[in-house]
Amino acid sequence: ATCYSLLAFICGACIALQAAMNSQLAIQLQSVLKATCYAFFASFVLTSIVAATLSTPLPAKALASTPWYLWFSFILSVVGVASMYFLIPKLGAGNAITIALCGQVIFALLISHFGWFASPVKYLTLTKVSGLIFMLLGLYLINRQTKWDKVNR
């Protein structure tokens, strides 16, 4: 479990770094959509090479039995990624990513509670709701700009 937690932490760091770097790419290219296209195209090429090297072909039965709506999850990726490239230069990386984190955690708790998309069911408890409230308070404090913050800049 410790290795999985470390990997999850590294994934979070990668997401923050990637979003900040590609928001700058969007500024350089003068287009959020072009930066998003580049990110997804380059990701497609890399994952295609890895998949061709490491995995076996998909059986036709697996393709046929996949629910139709799962093929459209890419829309969520494009909206999330392109929006971050747009928001980071406006809000700052810390603000944009911590606000996005609020959405991620709230929806992750809902997905787990209801077992959506065949996720393991992990019911909401008073402890989890308390943790969510403290996390939201912490994220609020991270994003809050006070008179004191402005004086010390």
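How many helices and how many strands are there in the protein chain? There are seven helices and zero strands, where helices (H or I, at least four residues) and strands (E, at least two) are DSSP runs numbered from the N terminus. This is a predicted model, in which local features need pLDDT of at least 70 and side-chain atom pairs pLDDT 80 or more, while totals for chains, interfaces and linings use all residues. Residues are numbered from 1 along each chain as its sequence is written, and side-chain values use heavy atoms, without hydrogens and water.

Here is the overall size of the chain.

| Property | Value |
|---|---|
| Radius of gyration of the protein chain, over C-alpha atoms | 19 Å |
| Span of the C-alpha trace along its principal axes | about 60 × 45 × 30 Å |

Buried residues, those under 20% relative accessible area (1.4 Å probe, protein chains only), make up 14% of the 153 residues.

Helix H5 (residues 93–114) and helix H6 (residues 126–143) pack at an angle of about 170 degrees, with their axes 10 Å apart; the axes are lines fitted to C-alpha atoms over the stretch in contact, and angles run from 0 to 180 degrees between N-to-C directions. That makes H5 roughly antiparallel to H6, a term for angles over 145 degrees. Where they meet, with heavy atoms within 4.5 Å, H5 contributes residues including Leu101, Val105 and Leu109, and H6 residues including Leu132, Leu136 and Leu139.

Terms used:
Parallel < 35°, antiparallel > 145°, perpendicular 65-115°, else oblique. Rg over C-alpha atoms; globule rule 2.2 N^0.38 Å. Buried < 20%, exposed > 50% of the residue type's maximum accessible area, 1.4 Å probe, protein only.
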